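Colleague: Could you take me on a close look at one spot in this model, and then show me a bit of what else is there?

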Amino acid sequence: MKLKKLAACALSLSLSLSALSAVPVFAAESDPEPFTIGFPWDTANTDPTWISIYNNVEAAVESAGGELVSVNTDNTADDLINKVSELISRGVDGILLMPAADSMLPSVDAMCADAGVYWGTMFRTISDESIRDAIYESEWFAGGCHEDDEACAANIVKSMSEMGVTDLGVINIAKGDTSSDLRDKGLAEGAEEAGVNVLNTTYDISVTTDMTKTIESYIAAYPEMNGILVLGTYCEAAIPTIEKALADHDKAGEVKVGRIDFESDLGTYLSEGTFHVSYGGQQQIDPLISAVILVNKVIGTPIVEDGPTIIETPYLELTDATEAEQFNEYFLGDEAVYTADEIKDTMIKFYNPDIDMDYMNELISTFSIADVVSRHGGGESAE
């Protein structure tokens with residue numbers, strides 16, 4: 001592993017000298033040194049979204065000739081730290097993870113720094129200013145992607161208000177999770193701006209029986225409820241479970257339903273008029289770009305030379321059944337939203353020295369369901 005780090009340093013020096021002398025940096029037939037990326041993830045989860053996250057990370061790693069080494073985790077802070085330690089002991093060159101909380105990051109950075117292993121994050125920003133400052137100063141933190149969860153939550157509440165929602169029951173992932181807390185904040189902002197009454201928020205539902213009980217309790221306690229918003233959940237089949245509970249109480253279609261994060265059943269309910277709006281798509285582009293950031297760092301061609309590469313990836317709005325079916329086919333299939341060859345040509349700086357932050361932000365700005373369909377299905381992009 002140390003030899004690989006030395007090779008990466010030598011590669012960076014070669015890049016700098018070549019740029020100064022205006023000599024082409026790499027021969028066409030050259031490739032990076034072999035490398036491995038560790039990925040603690042819930043690999044036992046059979047939900048199509050979770051599988052697609054893995055597939056997109058794998059495509060990014062393989063685009064530069066790397067190997068993905070995964071270990072199963074429940075994504076809690078304690079277990080993630082244990083899995084980071086395990087991956088380090090297995091000699092990986094980089095580690096990509098979805099942090100459960102800011103408080104775990106100094107431990108991750110210390111372990112990686114001691115081992116000489118680069119690391120990056122996906123789906124999360126660092127809210128704690130002191131922790132963020134320290135992590136951004138670390139030479140071993142490559143960076144990562146996040147979404148504007150606060151703005152997303154505010155926007156979806158306002159969208160539901162425009163659909164007539166005045167009284168809203170809410171579901172969210174566990175308190176203390178960075179994304180959950182930001183979505184709560186955006187919920188409050190959007191509700192105040194739109195004049196929506198937030199009746200209740202239930203956290204950390206992980207099984208369908210608890211989801212059913214929560215929706216039924218909302219129906220019983222709040223007869224005025226005309227909207228349900230899932231800000232986030234790790235419960236599989238969340239929307240089908242909610243839809244069944246509403247149907248069982250003759251509320252299907254009467255109560256507007258929205259969620260952050262796309263899932264595979266949305267097209268059916270959009271067609272029936274019982275589901276109304278979702279913001280998502282980040283589940284695929286975020287881990288892919290996060291892995292790209294880490295891969296570029298590991299092979300010695302970081303997107304940002306001085307400090308971490310931090311990229312904000314977009315949420316896409318979904319209100320159309322046709323687009324929902326396209327999402328299922330092109331985002332949740334076996335193929336990543338960018339293939340390994342596409343990633344190699346457009347996102348790996350080793351092969352494309354023109355890549356920088358402006359380039360990456362422009363590339364990401366074109367990402368949409370229509371864009372993926374155009375590239376992989378032969379349709380016309382809506383760009």
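Which residues does S30 touch, not counting residues up to four places away in sequence?

Modeller: Happy to! This is a predicted model, so local features need pLDDT of at least 70 and side-chain atom pairs count only at pLDDT 80 or more, while totals for chains, interfaces and linings use all residues. Residues are numbered from 1 along each chain as its sequence is written, and side-chain values use heavy atoms, leaving out hydrogens and water.

Leaving aside residues up to four places away in sequence, S30 touches F350 and Y351, where contact means heavy atoms within 4.5 Å. From C-alpha to C-alpha, S30 and Y351 lie 8.8 Å apart in space, yet 321 residues apart in sequence. S30 sits in the loop between α1 (2-21) and β1 (36-41); helices (H or I, at least four residues) and strands (E, at least two) are DSSP runs numbered from the N terminus. S30 has a relative accessible area of 22% and is therefore partly exposed, a class between buried (under 20%) and exposed (over 50%), with a 1.4 Å probe and protein chains only.

Elsewhere, α3 (residues 77-89) packs against α4 (residues 105-115) at about 10°, with the axes 10 Å apart. So α3 is roughly parallel to α4, the word for angles under 35 degrees. Axes are lines fitted to C-alpha atoms, for helices over the stretch in contact, with angles from 0 to 180 degrees between N-to-C directions. In this pair, I81, V84, S85 and I88 of α3 meet S107, V108, M111, C112 and A115 of α4.

How values were computed. Angles under 35 degrees count as roughly parallel, over 145 as roughly antiparallel, 65 to 115 as roughly perpendicular and the rest as oblique.
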